[in-house]
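Biologist: I am new to this structure. Could we go through it together?
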Amino acid sequence: MKRIVTLESLKDTQILAESLARHVKPGFVLCLAGDLGAGKTTFTQFLGKSMGIEETINSPTFTIMKVYEHSPPLYHIDAYRLEGQVGDFELEEYIHDDGVAVIEWYRNIEEYLPEEYLSIEFKWIGDTKRQCTIEGSGSYADIAKALGD
């Protein structure tokens, strides 16, 4: 299932993240794509806040992963620099865990992903507008459909 949503402001991004947070449960896998600065980390910040995480969520580009203890925990992974090399970081353990895995630049580690996940690709379509392509496979298809409403 694929949905296209236009975000015209940060508020729209927040609303989309809040909508997604209602569907998040242990074992949830969210994959994010888009150019640098397209909104992946900002979306993750809004999602974490909507889940009740009070810590500041920032980009794990240089640390590869940050863990935010919560129920369920949030595993924020940035695979930008990995290009298929996850062995040293033991990311599979977190991706297939009972936490919520949010993976930026997920295409760099696709072979380590479960069969089913939700993906959101952010694309600039103007100075402040972004188009989000939301796609869900398997049990995530209904979530993708719900996020477009």
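Modeller: We shall discuss a helix, then some aromatic side chains. The model is predicted: local features need pLDDT of at least 70, side-chain atom pairs count only at pLDDT 80 or more, and totals for chains, interfaces and linings use all residues. Residues are numbered from 1 along each chain as its sequence is written, and side-chain values use heavy atoms, with hydrogens and water left out.

Biologist: What should helix α2 span at 1.5 Å a residue?
Modeller: Its twelve residues, 40–51, should span 16 Å, which agrees with end C-alpha atoms 16 Å apart. The expected span is 1.5 Å times one less than the number of residues. Helices are DSSP runs of H or I with at least four residues, and strands are runs of E with at least two, numbered from the N terminus.

Biologist: Which residues of α2 are buried?
Modeller: They are Lys40, Thr41, Phe43, Thr44, Phe46, Leu47, Gly48 and Met51. Buried means under 20% relative accessible area (1.4 Å probe, protein chains only). Their cover includes α1, β2, β4, β5 and β6.

Biologist: And what follows α2?
Modeller: Gly52 does, with a positive phi near 100°.

Biologist: Changing topic, how many aromatic pairs are there?
Modeller: A search of the whole structure finds five. One of them joins Tyr106 and Tyr117, edge-to-face, at 5.9 Å centre to centre with 65° between the planes. Rings of Phe, Tyr and Trp (its six-membered ring) pair if their centres lie within 6.5 Å; planes under 30 degrees apart count as stacked, over 60 as edge-to-face and the rest as tilted.

Biologist: Why does Tyr106 count as buried?
Modeller: Because its relative accessibility is 6%. Tyr117 also counts as buried, at 16%.

Key
Buried < 20%, exposed > 50% of the residue type's maximum accessible area, 1.4 Å probe, protein only. Contact = heavy atoms within 4.5 Å.
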